[in-house]
Amino acid sequence: MSKSTKQNEKINEEIKKLVIARIKAYSDKITLSLGGLKKYSREELIECIENEDELGKEIIEIQMEYLKDMAEGNFYNACYE
Amino acid sequence: MRVMNRVLLVTRPNHDCTTNYLYYWADWVIQEARKKHFKVLDLKQEKANRRLFISYLSKNSPKLIFLNGHGSSDTLAGHNNESLINVGDSFLSNKIVYARSCCTASRLGVKCVDSGAQVYIGYKKNFAFFYTTSKITRPLEDDLAKLFLEPSNLVPISLMKGNTAGMSYKKSQKAMYRNIRYMLSSNASVEERNAIPYLIRNLRCQTLIGDPNARL
């Protein structure tokens, strides 16, 4: 395995940990409806991310998009107003 | 002088938690339609099936079609996930379609417009919303779900006011943006802050395909 592949896997593991930490902080009073027929509690979301299934990958993508938005200050400007 | 087509066709299955929320929130649009003297063709629950859908389309010629339910890139479903519209169907010719459903704007919507629909507004990826677990039997009292579903209702409501598809799409986008700004503020609850990334996703994947100048 090349050095860069190993590095990517490590980064992916770090991202997974970060997203799981964020989901763990969710209130247990809420449920997510996202595609398909299922609804997801906090614990089910974490399981999806750990298993890297389709939904888990989508949650990671959504969370990373959000963190990027926050880092770039998007939604704090007035582009829609 | 052009005369507005005042017929609205709504499909709103109700067979699981997600469709239950969409079912009740679609009722708000129906009430608005009745206030504006629209004839409402309400294909609810078991009536949200392909046979009735095609029959109502041909007999009543509604211009505005408001679809709620599960979806994928190739199909949009009705009650118990019976498929209502598939890639290749051409019965939406000349219609203004709004689909509150997952993924249909990525391919199905494009194909509908290719087959003659005037405009198709939908979501390219999964449509997401959070709800409060304790409000599951009273979806309209759920303030968390409201942050997601109220802006999504604005597309058909704005169209019924005579606005163009482009203006209606923009109103919905603006409302999502406003809600995101509120959810980022210190006035928001923990639950509301948890939900921000998913509303941003809805904002980004809501799409208009076809003629933005289309109107009823």
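Guide: What follows is a set of questions about the terms used for this structure, with answers. This is a predicted model, in which local features need pLDDT of at least 70, side-chain atom pairs count only at pLDDT 80 or more, and totals for chains, interfaces and linings use all residues. Residues are numbered from 1 along each chain as its sequence is written, while chains are lettered from A and ligands numbered from 1 in the order in which they are written.

Visitor: Why is B:C17 called partly exposed?

Guide: A residue is buried if 20 or more other C-beta atoms, placed from the backbone, lie within 10 Å of its own, exposed if 12 or fewer, and partly exposed in between. B:C17 has 17 C-beta neighbours inside 10 Å, so B:C17 counts as partly exposed.

Visitor: Where is B:C17 placed, and what does B:C17 touch?

Guide: B:C17 is in helix α1 of chain B; helices (H or I, at least four residues) and strands (E, at least two) are DSSP runs, numbered from the N terminus. Leaving out residues up to four places away in sequence, B:C17 touches A:S33, A:K39 and B:I136. Contact requires C-beta atoms, placed from the backbone, within 7 Å.

Visitor: How many residues of each chain are in contact across the two chains?

Guide: The contacts join 19 residues of chain A to 29 residues of chain B. On the chain A side, α3(A) gives the most, with 6 residues.

Visitor: What makes β1(A) and β8 of chain B a pair?

Guide: Two strands pair if DSSP finds at least two bridges between them. β1(A) and strand β8 (residues 128-132) of chain B have 5 bridges, in the antiparallel sense. Within this pairing, A:I30 stands opposite B:T132 in β8(B).

Visitor: In which sense do β1 and β2 of chain B pair?

Guide: Strand β1 (residues 7-12) and strand β2 (residues 39-44) of chain B pair in the parallel sense, over 6 bridges. The path between β1(B) and β2(B) runs through helix α1 (residues 17-35) of chain B, and this β-α-β crossover is right-handed. That word applies if, with the strands pointing away from the viewer, the path from the first strand over the helix to the second runs clockwise. B:L8 stands opposite B:V40 in β2(B), and B:R12 has B:K44 as its bridge partner there.

Visitor: What is the order of the strands in the open sheet of chain B, and why do β2 and β9 stand at the edges?

Guide: The 6 strands run in the order β2-β1-β3-β6-β7-β9, with mixed pairing. β2 and β9 (206-210) of chain B each have a single partner strand, so one side of each is left without a neighbour in the sheet.

Visitor: Which residues touch the most other members of the largest nonpolar core?

Guide: A nonpolar core is a set of buried Ala, Val, Leu, Ile, Met, Phe, Trp, Tyr and Cys residues joined through C-beta atoms within 7 Å. The largest core has 82 residues, and B:F66, B:V97, B:V119, B:F130 and B:L199 touch the most other members. Helix α4 (residues 143-160) of chain B gives the largest share, 10 residues. Not counting residues up to four places away in sequence, B:F66 touches B:L8, B:V10, B:A26, B:V29, B:Y98 and B:P156.

Visitor: How many helices and strands are there in chain A?

Guide: Chain A has 3 helices and 2 strands, and its pattern along the sequence is α-β-β-α-α. Buried residues make up 22% of its 81 residues.
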